[in-house]
Amino acid sequence: MERVVIITGANSGIGLALCERLLTEDSQLRLCLACRNMQRAEAARAALLTSHSNAHVDLLQLDVGSVQSVLSAAQEVKARYNRIDFLYLNAGIMPNPQLDLNAFFKGLFSRNVVRMFATAEGILTQQDRLNSDGLQEVFATNLFGHFLLIRELEPLLSRLVWTSSSNARRSAFSMEDMQHREGRESYSSSKYASDMLSLALNRQKNSQGLFSSVICPGLVMTNLTYGILPSFFWTLIMPVMWLIRIFTNTFTLTPHNGAEALHWLFLQNPESLDPRAKYHSLTSGLGTNYTQPRQMDIDEGTSDVLYSKLLELEKEVRRKQSEENADEEISAVK
Ligand SMILES: NC(=O)C1=CN([C@@H]2O[C@H](COP(=O)(O)OP(=O)(O)OC[C@H]3O[C@@H](n4cnc5c(N)ncnc54)[C@H](OP(=O)(O)O)[C@@H]3O)[C@@H](O)[C@H]2O)C=CC1
Ligand SMILES: CC(C)CCC[C@@H](C)[C@H]1CC[C@H]2C3=C(CC[C@]12C)[C@@]1(C)CCC(=O)C[C@@H]1CC3
């Protein structure tokens with residue numbers, strides 16, 4: 001039977017590399033690239049079809065950072081497919097990243113140097129902003145839009161896979177400020193929230209046949225990392241990064257390598273997976289790719305609280321959306 005796989009943020013980087021790998025794995029697959037920019041989505045589709053000429057590649061217009069777009073895209077998905085085998089929640093942003101060079105050089109000569117290269121702990125901040133739905137943009141894109149999509153598609157779903165990060169950190173997240181309005185680590189906070197949400201979804205939904213997993217792709221050269229340092233600089237220091245890879249196998253560097261754990265999960269039986277583990281894409285000093293589970297720093301009670309708070313926010317957002325739609329209908333009639 002033809003399997004249906006939807007991937008958000010599939011037009012570039014790790015998402016696009018995953019598409020390539022999945023089509024190589026199963027040429028009968030029906031892949032749906034869920035992207036905000038249809039021109040980029042068309043280009044990605046064309047690239048995939050050059051190497052897999054008979055592949056079934058559909059496109060879906062989806063801006064996960066917009067409530068209206070998520071609701072419309074979900075309607076479209078329900079009309080097109082009667083089952084979704086895998087939903088990869090991969091789209092993500094890190095706006096206005098700032099590298100703290102002082103902290104970086106201090107870190108270089110500390111005992112935490114390997115940890116710093118693996119997680120970027122203490123050296124990276126971001127500047128977030130409100131979006132047109134009145135939500136913090138990073139929270140809305142990396143977490144809440146995906147949550148709303150899951151809620152809309154729930155009866156069709158069986159497997160969820162989140163692209164999280166080694167940068168996800170408990171201390172960057174606060175339940176009192178789950179959107180991270182106050183701090184400057186919105187990325188870290190949103191990724192920690194996605195780890196917690198995955199655990200909560202497993203607790204709430206495994207009995208109904210829905211399974212969620214989390215992966216970390218490692219440090220990968222993509223548009224996201226080119227926002228931190230320019231691409232020519234990364235190219236220049238590539239030999240240094242190959243060297244660092246000997247000490248931390250988290251420097252996967254290419255989107256193909258970064259997609260290792262995403263691909264690996266596609267081949268696993270969901271019952272055999274650990275809901276408390278993050279599955280890491282790793283690349284050894286010699287360039288061998290593998291997947292390794294590592295326990296997440298999460299407790300179940302807190303993840304359930306986050307789940308309830310997201311349900312509350314969902315109610316609020318839906319109410320606001322239907323009021324806006326009603327207002328629009330009234331002014332259209334006038
Ligand atoms: N690169 C790295 O080192 C790491 C990346 N990650 C995570 O991997 C995931 C993929 O990122 P990566 O491949 O690196 O970076 P890219 O920037 O190449 O890919 C991000 C994708 O998400 C899409 N996207 C962003 N915002 C939205 C939105 N509002 N609606 C729909 N799609 C959107 C982008 O679309 P568009 O082209 O239109 O911008 C793009 O296709 C992210 O979740 C990121 O946080 C995690 C750890 C490390
Ligand atoms: C000599 C060079 C390797 C120096 C590079 C320093 C930093 C720019 C990088 C060190 C650790 C990196 C890292 C990320 C971005 C670039 C670094 C801060 C991420 C935050 C990118 C996005 C993620 O989700 C996790 C990455 C962790 C490691």
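**Close-up views of a predicted model**

**View 1. Strands β2 and β3 pair in parallel.** Six bridges link β2 (residues 30–35) with β3 (residues 56–61). Strands count as paired if DSSP finds at least two bridges between them. Helices (H or I, at least four residues) and strands (E, at least two) are DSSP runs, numbered from the N terminus. Leu 31 sits opposite Val 57 of β3. This is a predicted model: local features need pLDDT of at least 70, side-chain atom pairs count only at pLDDT 80 or more, and totals for chains, interfaces and linings use all residues. Residues are numbered from 1 along each chain as its sequence is written, while chains are lettered from A and ligands numbered from 1 in the order in which they are written.

**View 2. A right-handed β-α-β unit is built from β2, α2 and β3.** Helix α2 covers residues 38–51. Right-handed means that, with the strands pointing away from the viewer, the path from the first strand over the helix to the second runs clockwise.

**View 3. Ligand 1 has 30 residues around it.** Near means a C-beta atom, placed from the backbone, within 6 Å. Gly 9, Gly 13, Gly 65, Gly 92 and Thr 222 come nearest. Helices α1 (13–25) and α8 (223–226) each give the shell at least two residues.

**View 4. Helices α7 (residues 186–205) and α13 (residues 300–333) cross at roughly 90°.** Their axes, lines fitted to C-alpha atoms over the stretch in contact, come within 8 Å. The two helices are therefore roughly perpendicular (65 to 115 degrees). Contact (C-beta atoms, placed from the backbone, within 7 Å) involves residues including Met 196 and Leu 197 of α7 and Leu 306 and Tyr 307 of α13.

How values were computed:
Axes are lines fitted to C-alpha atoms, for helices over the stretch in contact, and angles run from 0 to 180 degrees between N-to-C directions. Angles under 35 degrees count as roughly parallel, over 145 as roughly antiparallel, 65 to 115 as roughly perpendicular and the rest as oblique. Two residues are in contact if their C-beta atoms, placed from the backbone, lie within 7 Å.
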